[in-house]
Amino acid sequence: MRRVKILVSGRVQGVYFRVFTQNKAKHFGIYGSVRNLPDGRVEIIAEAEHPVIEKFIKWCHKGPVTARVDNVDIEDLEAEEALTCFQIK
């Protein structure tokens, strides 16, 4: 299992980015969360098998058609507690 924090910047708030992210995560079987940050970025915490996370990260670089992704930063995280779903915060 791999857990990552993904920070997405660009036009990613007010364009249903979180809803699309949740739907894509559920499609891939990813656990975690997505939330808007005060600085205009979106923060995603995602956990799944390594190949699945790689596909999800690739999708994050594109995002939904309503968004414009300028930058994606990835940070590996230690799994402290088990995640059981994917939620919008």
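Tutor: Contact, in this discussion, means that heavy atoms lie within 4.5 Å. The model is a predicted one, in which local features need pLDDT of at least 70 and side-chain atom pairs count only at pLDDT 80 or more, while totals for chains, interfaces and linings use all residues. Residues are numbered from 1 along each chain as its sequence is written, and side-chain values use heavy atoms, with hydrogens and water left out.

Student: Which residues of α1 meet which residues of α2?

Tutor: Helices here are DSSP runs (H or I, at least four residues), as are strands (E, at least two), and they are numbered from the N terminus. From α1, the residues F20, T21, K24, A25 and F28 meet V52, K55, F56 and W59 of α2. By class, this contact has six nonpolar, one polar and two charged residues. In that count, Ala, Val, Leu, Ile, Met, Phe, Trp, Tyr, Cys and Pro are nonpolar, Asp, Glu, Lys and Arg are charged, and the others, Gly among them, are polar.

Student: What describes two packed helices?

Tutor: Two packed helices are described by the angle between their axes and the distance between the axes. Axes are lines fitted to C-alpha atoms, for helices over the stretch in contact, and angles run from 0 to 180 degrees between N-to-C directions. In this model α1 and α2 pack at an angle of about 155°, and their axes are 11 Å apart. The two helices, α1 and α2, are therefore roughly antiparallel to each other; angles under 35 degrees count as roughly parallel, over 145 as roughly antiparallel, 65 to 115 as roughly perpendicular and the rest as oblique.

Student: In the crossing of α1 and α2, is the hand left or right?

Tutor: A crossing is left-handed if the near helix is turned anticlockwise from the far one by less than a right angle, and right-handed if clockwise. The crossing in which α1 passes α2 is right-handed.

Student: Where do nonpolar side chains tend to be in soluble globular proteins?

Tutor: In soluble globular proteins they tend to be buried together. A nonpolar core is a set of buried Ala, Val, Leu, Ile, Met, Phe, Trp, Tyr and Cys residues joined through side-chain atoms within 4.5 Å. The largest such core here has 22 residues, of which I6, V8, F17, I30, I44, A46 and F56 touch the most other members. Two or more residues each come from β1 (2-11), α1 (17-28), β3 (42-48), α2 (50-62) and β4 (68-77). The element that gives the most is α2, with five residues.

Student: Which residues are in contact with F17?

Tutor: Apart from neighbours within four places in sequence, F17 is in contact with V8, V12, V42, I44, G63, P64, A67 and V69.

Student: Is T21 buried or exposed?

Tutor: Buried means under 20% relative accessible area, exposed over 50%, and partly exposed in between (1.4 Å probe, protein chains only). T21, a residue of helix α1, has a relative accessible area of 0% and is therefore buried. Leaving aside neighbours within four places in sequence, T21 is in contact with V34, I44, F56, W59 and F86.

Student: What is the phi of Y16?

Tutor: Most residues other than glycine have a negative phi. In Y16, phi is near 65°, a positive value in a residue other than glycine. Y16 is placed in the loop between β1 and α1 and counts as exposed, at 60% relative accessibility. Its C-alpha atom is separated by 8.1 Å from that of A67, with Y16 and A67 51 residues apart along the chain.
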